[in-house]
Amino acid sequence: MSSKLSPHGGRGPAPNLSEVDRIEGPFETNVPERTRGLMARLFARREKQADVERRTAPSGGAPTPAGEAVGAAPPKRRRLSLALQGGGAFGAFTWGVLDRLLEADEIDFDAVSGASAGAINAVLLASGLARGGRDEARASLDRFWRALGECPVRVPLLSQEIVAAATSQLSPYQFNPLDVNRLRDLLDEEVDFEAVRTQRPIRLLISATRVHDGALRVFRTKAVTLDVVLASACLPRLHHAVNIHGEPHWDGGYAANPPLIPLVAVSDTPNVLVVQLVPTDHADLPVTKSEIEKRLGQITFNAPLQKELAAISLASKLIRTEEGATHSRLGEKINALRLQRISAEEHVEGLSELSALDTDVGFLLHLRDRGRAAADAWLTVEADRLEELAAA
């Protein structure tokens with residue numbers, strides 16, 4: 001069952017970068033005046049970025065469906081934005097979620113953000129939609145993930161044994177000096193980046209982490225290239241940093257996993273679905289070296305999402321305490337936001353004990369099936385909710 005997250009509680013041309021400020025935490029309920037000012041400036045910057053994105057959107061884009069406004073009758077078709085978290089091989093769960101959502105003709109995709117494996121799934125979705133619609137998007141996702149699982153040497157994520165042996169002693173610049181990366185070949189074969197940029201079937205926001213200062217970079221649709229996606233999925237213990245405009249970048253999951261506030265800022269719908277892959281709970285205390293490293297990785301890659309959720313919650317509380325005040329467009333969006341979540345750990349038994357480096361095709365197909373089941377359950381709950389609203 002889905003979880004509702006209430007806001008109250010490569011190759012190709014070099015991209016034009018769009019940088020998004022980091023969100024610092026923790027966030028307290030009792031907010032001093034200085035912090036209110038900082039938050040206002042933060043959201044004003046993000047609103048300005050959203051305006052730029054809106055002005056550069058193609059004139060033939062689909063309008064926001066009637067009925068999206070709060071209090072209006074529910075539309076027959078629903079527009080939905082997606083925030084796709086990274087998580088290595090666990091990204092096959094998102095494959096299943098997208099596969100099922102693509103079957104639901106009543107769902108129209110608005111904007112999609114992603115980091116790492118989430119970025120890969122986002123560009124596969126966009127490329128498929130651009131080349132042949134929903135059926136081709138499903139086929140593209142299927143081809144990529146099966147090709148990854150059937151790769152004889154299990155690259156780019158490599159086998160768990162090779163990873164453990166190599167990364168414990170060597171850097172990727174030592175054990176892979178030529179920067180061989182099968183992921184580059186798979187994406188280059190499957191994704192039509194030119195169609196993604198020019199046809200723009202969905203708006204994309206792809207995160208990467210700038211190495212020299214740890215800053216978040218969010219790449220919008222027109223800036224998405226093969227290298228941008230490789231940067232977003234660049235685990236520094238496995239791969240060389242990816243240079244964009246002469247600056248090295250690592251995995252986007254370190255800075256925004258996935259970008260959530262930027263997604264809310266550009267979305268033309270209050271309906272946002274987060275697909276979360278990284279487990280948040282771990283029953284037993286990690287005691288071995290591998291257990292400790294795995295748990296540290298889970299905490300590290302979940303922290304950016306938790307910070308953005310805290311920022312949204314804080315902004316929502318501030319808005320509610322200022323009744324009658326005029327709010328920015330982003331403030332109004334946050335106040336109307338309907339944020340929901342599909343969490344992989346609620347649908348895959350023992351996920352926290354499994355390896356995000358396991359790319360065996362049987363494991364990937366199992367995750368896909370669980371993702372499809374999770375999305376099907378979410379769609380059922382949504383259909384029931386819309387019926388109740390219509391009958392009210």
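## Exercises on helices, bends and buried residues

Setting aside neighbours within four places in sequence, Ala137 is in contact with Leu102, Leu125, Gly128 and Leu129 (contact means heavy atoms within 4.5 Å). The model is predicted, so local features need pLDDT of at least 70 and side-chain atom pairs count only at pLDDT 80 or more, while totals for chains, interfaces and linings use all residues. Residues are numbered from 1 along each chain as its sequence is written, and side-chain values use heavy atoms, with hydrogens and water left out.

**Ala137 and its helix**

Task: Find out where Ala137 is found, and work out whether it is buried or exposed.

Solution: 
- Start with the element: Ala137 is found in helix H3. Helices (H or I, at least four residues) and strands (E, at least two) are DSSP runs, numbered from the N terminus.
- Next, check the cover. Ala137 has a relative accessible area of 0%, so it counts as buried (under 20% relative accessible area; exposed is over 50%, partly exposed is in between, with a 1.4 Å probe and protein chains only).
- Then look along the chain: Leu98 is 39 residues away from Ala137, yet their C-alpha atoms are separated by 9.0 Å.

**The span of H3**

Task: Compare the end-to-end distance of H3 with that of a straight helix, and find where H3 bends.

Solution: 
- H3 covers residues 117-150, which is 34 residues.
- A straight helix would reach 50 Å at 1.5 Å a residue (the expected span is 1.5 Å times one less than the number of residues).
- The end C-alpha atoms of H3 are only 17 Å apart, short of that value.

**Helix H2**

Task: Work out how many residues of H2 are buried, and name some of them.

Solution: 
- H2 has 13 residues and reaches 19 Å from its first C-alpha to its last, close to the 18 Å expected.
- Twelve of the 13 residues are buried, and H2 is mostly covered.
- Among them are Phe93, Thr94, Leu98 and Leu102.
- Two of these names come back with Ala374, which lies in helix H12 (residues 361-391).
- Thr94 is 280 residues from Ala374 along the chain, but their C-alpha atoms are separated by 9.8 Å.
- Ala374 is buried too, with a relative accessible area of 1%.

**H10 against H11**

Task: Decide how H10 and H11 are oriented, and say which residues meet.

Solution: 
- Helix H10 (residues 289-320) and helix H11 (residues 329-336) pack at an angle of about 100°, with axes 9 Å apart. Axes are lines fitted to C-alpha atoms, for helices over the stretch in contact, and angles run from 0 to 180 degrees between N-to-C directions.
- That makes H10 roughly perpendicular to H11 (65 to 115 degrees; under 35 is roughly parallel, over 145 roughly antiparallel, and the rest oblique).
- From H10, Ile312, Ala315, Ser316, Ile319 and Arg320 meet Gly331, Ile334 and Asn335 in H11.
- Sort them by class: the contact has four nonpolar, three polar and one charged residues. Ala, Val, Leu, Ile, Met, Phe, Trp, Tyr, Cys and Pro count as nonpolar, Asp, Glu, Lys and Arg as charged, and the others, Gly among them, as polar.
- Finally, look at H10 itself. H10 bends by about 35° at Ala303, and a proline, Pro304, follows within four residues. H10 reaches 46 Å from its first C-alpha to its last, close to the 46 Å expected.

Task: Say where Asp179 lies and where Arg200 lies, then decide whether each is buried or partly exposed.

Solution: 
- Asp179 lies in the loop between helix H5 (172-175) and helix H6 (182-190), and has a positive phi of about 55° although it is not a glycine.
- At 31% relative accessibility, Asp179 counts as partly exposed.
- Arg200 lies in the loop between helix H7 (193-199) and strand S5 (203-210), with a positive phi of about 50°.
- At 11% relative accessibility, Arg200 counts as buried.
- One more loop to check: Pro258 is placed between strand S8 (247-251) and helix H9 (261-266), and a cis peptide bond joins Asn257 to Pro258, with omega about 0°.

Terms used: Bend = angle between axes of the 7 residues up to and from the residue.
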